[in-house]
Amino acid sequence: MASVSLVHVRKAFAGAPDAVHDLSLEIADGEFVSLVGPSGCGKSTTLNLIAGLDQATSGSIRIDGKPVEGLEPGERDIAMVFQSYALYPHKDVRGNLAFPLEVAKLPRPEIERRIADTAELLGISPLLARKPRELSGGQRQRVALGRALVRKPRVYLLDEPLSNLDAGLRAQMRRELRRLHHKLRATFIYVTHDQAEAMTLSDRIAVLRAGELQQTGTPREIYQRPANRFVAEFFGTPRINVVPAQVLGLPGSGLAGIRPEHLEVLSERAPGALEATVEQAELTGAEVWATLTVGGESIVARAPSDFASPPGARVWLRVPADRVLRFDDETRGAAQARL
Amino acid sequence: MKRAAVLVFFLGPLAWQVLTSFWPEPELTRALPHTLTVANYAGLGSTFARAVLNSLLVAAGTTALCLAAGASAAFAIAKLDFPGRGLLFGGALAISMFPPIATVSPLYLILRAAGLRDTLAGLVLPYATFALPLTLWLLTSFFRDLPDELYRAARVDGCTPWQAFVHVFLPLSWPALATCAILVFIFSWNELLYALSFISTPSKRTIPVAIALFAGEHVEPWGQIAAASVVATVPLAFLTLLFQRRIVAGLTAGAVKE
């Protein structure tokens, strides 16, 4: 078990803007931290730097307080799970699990014992004699996880491990990962572009954009108190509504954001409610996402599942003032959000 | 019909050669032989047997050297990041652009200075030099096609780059290695120019040289030449069939999600 700290880490590739720019991040022992952002935000690069597969241009990375620059990936006591699983195709499952231990020259009985334990933990014991090509996607995923677990590393690095699975399996593996983390109490660093995955799995989330850290916080903090418009829009589906403040009947210039589930759609005029026109309504089952036009802006609001106003109908929208996020003028880059 | 024409086009000369090798020498002027004989094979003698052995040694040596150097270099070019790798790749290709005849004189001088003139090792080295670019080209593109994540997984699992090559990439590259081996072997087996220029002792001649020098001053022993050619072709056909079984597609299936 170990803490991981990134101190002013910068990674530049020749002829391109910094892939990671002045990133400082403290990850506590046993914490599950997700690095989240759209593709190209530097999250995978960061993971490679921690793994030692790539060298930082400047700055320092420490595992348990000790700088790891100059240490080979194999010497850092980390394990990594890859998006493509990267199983060794010529080895059977047992061979895949054994490989990191064989490279580390562990005694044979110890290797066998660990393989048995890991296979048991992940429920892949019946698959030990199979080759990767004979496994389903979910089974390959488990083996890839097993190859990391079998080493009992101090830090687990996971690079979009679930993005190749179908939706049902992904949800199941998500729970499994959560269970494993709880059981192992090891440090997990998880890279994903899927905000829902990050929300459900993480103790803490670090949001990256174009190589720069936007915000760190618990999923709740990130969702409820986003640092800026980018973070606010990245988390939550449907996306947060961001419109000029006057549209919502609020004082001041600048932009205001309100999440669809915080809006209340009324069929009759009420004091303080805004007049709106229905553009369309999408029934998802438990609720309806209604797209409304207010003051020339499109706003999505959650309505009860019996919402049945046809397009063009007039409705009223109640905006709870305590749920509104204010964004400063977007021309100033990473604008601050405030409640 | 088309297929038959293609078959005749490719196999016709070969069949004719095989037939000629069993054709009694005195009957060669006829349209077809009355009887068949193995006299042409029997007449090849121990000198030719020696040439076969020499060719085997040279071709096997070249293939081994080429694969050892080519596979490790190709892996480095495909998966490792080091300065000058583009230059190395381009340089190796540039070597193959030289017409061999232009290099005969300088190579002769180099080999003589190194004491390798008129030795089989003196053939292996230049053969390997000329076959290496092709090997490098084939294997580099093969290694490039193997996923990078496989290399990174091996590194995280504690491998040095060399261990990743030996334990992960080499076992996956049998199909490509087999292809290269066949091509290099055929090239060395058939090479005439260098073998004719650098070898003077009759007992060190390779098959192409031996066949070329069959013709005497007054006679062309066509039957024997045909028999020798058949002997030269059989190992190649055998080798190709042998390796063909190893060229199994889809060896990497299941490594990554396609």
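Is the crossing of α6(B) and α9(B) left-handed or right-handed? Before I answer, a word on conventions: this is a predicted model, in which local features need pLDDT of at least 70 and side-chain atom pairs count only at pLDDT 80 or more, while totals for chains, interfaces and linings use all residues. Residues are numbered from 1 along each chain as its sequence is written, and chains are lettered from A in the order in which they are written.

The crossing of α6(B) and α9(B) is right-handed, a term used if the near helix is turned clockwise from the far one by less than a right angle. Helices here are DSSP runs of H or I with at least four residues, and strands are runs of E with at least two, numbered from the N terminus. Helix α6 (residues 121-145) and helix α9 (residues 174-190) of chain B pack at about 160 degrees, with axes 10 Å apart, the axes being lines fitted to C-alpha atoms over the stretch in contact and the angles running from 0 to 180 degrees between N-to-C directions. The two helices, α6(B) and α9(B), are therefore roughly antiparallel, the word for angles over 145 degrees.

Turning to chain A, there is an open sheet of 5 strands in the order β13-β17-β14-β15-β16, with antiparallel pairing, where two strands pair if DSSP finds at least two bridges between them. Its edge strands, β13 (264-266) and β16 (297-304) of chain A, each pair on one side only. Within chain A, β14 (residues 274-283) and β15 (residues 287-294) pair in the antiparallel sense over 6 bridges, and A:Glu282 has A:Trp289 in β15(A) as its bridge partner.

Methods. Parallel < 35°, antiparallel > 145°, perpendicular 65-115°, else oblique.
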